[in-house]
Amino acid sequence: MNISIFGSGYVGLVTAACFAEAGNEVICVDIDEARIQKLTEGHCPFYEPGVDDLLKRNVEAGRLRFTTDAKAAIDHGLFIMIAVGTPPDEDGSADLRHVLTVARTIGEHMKEYKVVITKSTVPVGSAEHVRRAVNETLSSRSENIEFDVVSNPEFLKEGSAVEDFMKPDRTIVGVDNPRTGELMRALYAPFNRSRDRVIVMDIASSELTKYAANAMLATKISFMNELSNLADRVGADIEAVRKGIGSDPRIGYKFIYPGAGYGGSCFPKDVSALSKTGEQVGYNMELVDAVNAVNHRQKQVLFDKIKAYFGDLSGKTIAIWGLAFKPNTDDVREAPARDLMEALWGAGAAVRVHDPEAMDTIRACYGEPENLTYCNSPAEATQGADALAILTEWKLYHSPNFEQLAETLTAKVIFDGRNLFDPAVVTRFGLEYHSIGRPV
Ligand code: UGA
């Protein structure tokens, strides 16, 4: 099938590469010429396991092409997917500007029937805005060409996006007529595996499903983070509690890991946008607001522990392992490591940082100030540091040389925002170990 995808960001690119891999003819469009040039040469602009290989193979096979020519892309695709960014507005609601610009471009160039699909995470009602924008542009050309709009949110996780796309739990499709539903079923048939994974529903429900999924997951995390702070105060061990409740299949083990707060480009943005949607229709999303507030507080917890330990932090140096908001990505958007770094700087401390993938993205945010030292290995980051803080659970941080850490860290103390170690093991080496929701 012929597919055109607007936006060569994370969602657009993974979607384009995976559809091409399934044998479709895919064109990916972006206004950023330098990016398109790089992609044409087979270079993925971000770190995501598996995408490089898919790009190379499908570009070589001629199934995947990149262009800045929107008109050519609109001519090409029966399915036109909008996967451009929806950054949060100042008030937390999703900014539809880029989505609607693409919708107008589609209206400007289309010559025959198209299925116009929103893939970006957009608030309830957005598909109708897209329909209106396409229609208005068509009318301004005095054209009356038929098209359908579809809501088809993505559920990709950074770090396992290719796997998530190729083997989805579900594919959500929001349509307003059965014929478009059938077209979408056919499009996703290669990814069904043993049973049909496509769930067809009305457009508003599909749009809300995306927010509901992310807000539910964020709720689980904030709930556990809140409990971890209570555990700290009543002398309980949150890891024991986690295992205790996770064994109930109604609760489950997934997404109940306490930590230094959730980050990334999705949860913080989508939780705020959902609250904003409630506000716009006069309904107060109390639980969703609390999830957000708990997360903001949680991002300070590790700093509070460091501050409580040292008292005065001026002149201290803290090693930080992990900058990305989670492992297997170089994404540092809303990463708890940034909150910690900024709080430490505010208190007069310096940081020595290590991350296997996200050093360049952090450099792009902060440059090279005096109180930030980029280190090539976890061990180098701890050289000359008073304490170690761990913010991302990259595999290479899971079994460090504790003996060496006890020799290197001046204050012999670790602050672990991911509960990576058994406290009994760490303390055996003469190190003090502060983690999340566990007794010291
Ligand atoms: C999230 C959703 O998981 C995807 O299903 C969704 O498609 C995506 O957002 C999106 O809307 O595009 P992602 O942001 O890549 O995916 O990352 P997650 O793996 O969900 O992690 C989000 C944050 O929660 C991370 O900071 C992680 O460390 C934190 N987390 C996760 C916890 O603190 N505890 C947990 O138990 C799980």
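Reader: Where is the place of Phe255?

Author: Phe255 sits in the loop between helix H10 (238-246) and helix H11 (267-280). Helices here are DSSP runs of H or I with at least four residues, strands are E runs of at least two, and both are numbered from the N terminus. Keep in mind that this is a predicted model: local features need pLDDT of at least 70, side-chain atom pairs count only at pLDDT 80 or more, and totals for chains, interfaces and linings use all residues. Residues are numbered from 1 along each chain as its sequence is written.

Reader: Why is Phe255 called partly exposed?

Author: The label goes by other C-beta atoms (placed from the backbone) within 10 Å of the residue's own: 20 or more is buried, 12 or fewer is exposed, and in between is partly exposed. Phe255 has 15, so it's partly exposed.

Reader: And which residues is Phe255 in contact with, leaving aside neighbours within four places in sequence?

Author: Leu217, Lys220 and Ile221. A contact means that the two C-beta atoms, placed from the backbone, lie within 7 Å.

Reader: What makes Leu156 buried, exposed or partly exposed?

Author: Leu156 has 19 other C-beta atoms within 10 Å, so the label is partly exposed. Leu156 lies in the loop between strand E6 (147-151) and helix H7 (161-166). Setting aside neighbours within four places in sequence, Leu156 touches Val11, Val14, Ala161, Asp164 and Phe165.

Reader: How do you know which residues belong to the "binding site"?

Author: That comes from UniProt, in an unreviewed entry; the listed residues include Leu156, Glu158, Lys210, Phe255, Tyr257 and Lys326. UniProt positions are given in the numbering used here, with feature names shortened, and annotations may be inferred rather than shown by experiment.

Reader: What makes something a nonpolar core, and how many residues has the largest?

Author: A core is a set of buried Ala, Val, Leu, Ile, Met, Phe, Trp, Tyr and Cys residues joined through C-beta atoms within 7 Å. The largest has 72 residues, and those with the most contacts inside it include Ile5, Val14 and Met81. Helix H1 (residues 10-21) gives this core its largest share, 9 residues.

Reader: Why do you say that this core lies between domain 1 (2-201) and domain 2 (211-297)?

Author: Because both domains give residues to it. A second, separate core of 47 residues includes Ile318, Ala337, Leu388 and Val413.

Reader: What separates the centres of domain 2 and domain 3?

Author: 24 Å, taken over C-alpha atoms. Their contact takes 13 residues from domain 2 and 15 residues from domain 3. On the domain 2 side, helix H12 (residues 286-298) brings the largest share, 3 residues.

Notes. Domain bounds come from an automatic or database domain assignment.
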